[in-house]
Amino acid sequence: MEMSCFSGKNILVENVGKRYGATPVYENFSLEIEEGKITCLLGASGCGKTTLLNMLAGLTPYEGKIENVPARISYIFQQERLLPNLTVKQNVALVLGRHADEEKISQILEKVELSGKENAYPAELSGGQAQRVSIARAFAYPSGLILMDEPFSSLDTALKIRLMGVFCRLWEEEKRTAVFVTHDAEEAYMLAHRAILLRGGRVAADLREDSPVPRPYGRGSAFKQNILREMLKTE
């Protein structure tokens, strides 16, 4: 029986502390991440966005408690991190191990618009196609949490919009909990149900919008204006 993606609980970050040497990133930091929603983390470089992702993934040590993190986590990075000696199909199959199913892999590659590229190697793909493989791999794995570290930042605008649509179509099928980092207010507006502005190791703003995603590129909204206003603030 396949494990459910859902725990039925929100992720709780409680009184977390994190330092790099003598430099504090977080002190007594707390946050609740809602299950089944897409949460965006924004803030200036060095504010701890990627550090928080890595703490959620268990990739970096910290003080305090992080509870209710699903046992299975997918991670989509800015760089695709595909194995160059494996085909597209094999890169996706790798995360499934003995549970790899050719039909399931073909279906998810079709959903990310990569039908016909199953036997191509990463060097034969464009940047957008390679990132589609990363998205397919993240959703093929039965994870309860998807972490994304600026996965669209290196793409041109048209490709970015298209890949956000691909991501949202897959997300809509199961509505997994997702947390993504970006420095782009437009990305946050298009994808997030919740935008959290981090500043000085704390939550400087917590903004919400429950309308369907992806939202239209370039459209004005109070949600986007609030994100931009908060991003322009300084200490």
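A salt bridge here is a side-chain nitrogen of Lys or Arg within 4 Å of a carboxyl oxygen of Asp or Glu. Keep that cut-off in hand for the tour. The model is predicted.

**Stop 1: Lys160 and Glu187**

Select Lys160 and Glu187. Their side chains meet in a salt bridge, at 3.2 Å from N to O. Now show the helices. Lys160 belongs to helix H5, while Glu187 lies in helix H6, residues 185–191. The two residues are 27 apart in the chain, and the pair links distant parts of it. Buried or exposed: which applies to Lys160? Lys160 is buried, at 14% relative accessible area. Glu187 is buried too, with a relative accessibility of 2%. Both count as buried because the cut-off is under 20% relative accessible area.

**Stop 2: Arg169 and Glu113**

Stay on helix H5, which spans residues 157–174, and pick Arg169. Which residue is its salt-bridge partner? Arg169 pairs with Glu113, and the closest N and O atoms are 3.2 Å apart. Glu113 sits in the loop between helix H3 (102–111) and helix H4 (127–140). Colour by accessibility. Arg169 is partly exposed at 45%, and Glu113 is partly exposed at 34%.

**Stop 3: Arg19 and Glu27**

Move to Arg19. It forms a salt bridge with Glu27, with 3.3 Å between the closest N and O atoms. Arg19 counts as partly exposed, at 44% relative accessibility. Glu27 is exposed, at 52%. The labels differ because exposed means over 50% relative accessible area.

**Stop 4: a network**

Select Glu34, Arg194, Asp206 and Arg208 together. Salt bridges link these four residues in a network. How many salt bridges does the structure hold? The count is 19.

**Stop 5: the nonpolar cores**

Select Leu109, Val112, Phe139, Phe152, Phe167 and Ile227. These residues have the most contacts inside the largest nonpolar core, which has 49 residues.

Centre on Phe139. What does Phe139 touch, leaving out residues up to four places away in sequence? Its contacts are Ile108, Ile146, Phe167, Leu170, Trp171 and Arg176.

Finish with the second core. It is separate and has 23 residues. Select Ile11, Leu56, Leu147 and Leu198, which are among its members.

Conventions. Residues numbered from 1 in each chain as written. Predicted model: local features only at pLDDT ≥ 70, side-chain atom pairs only at ≥ 80, totals over all residues. Heavy atoms only, no water. Core = buried A, V, L, I, M, F, W, Y, C linked by side-chain atoms within 4.5 Å. Buried < 20%, exposed > 50% of the residue type's maximum accessible area, 1.4 Å probe, protein only. Contact = heavy atoms within 4.5 Å. Helix = DSSP H or I, 4+ residues; strand = E, 2+ residues; numbered from the N terminus.
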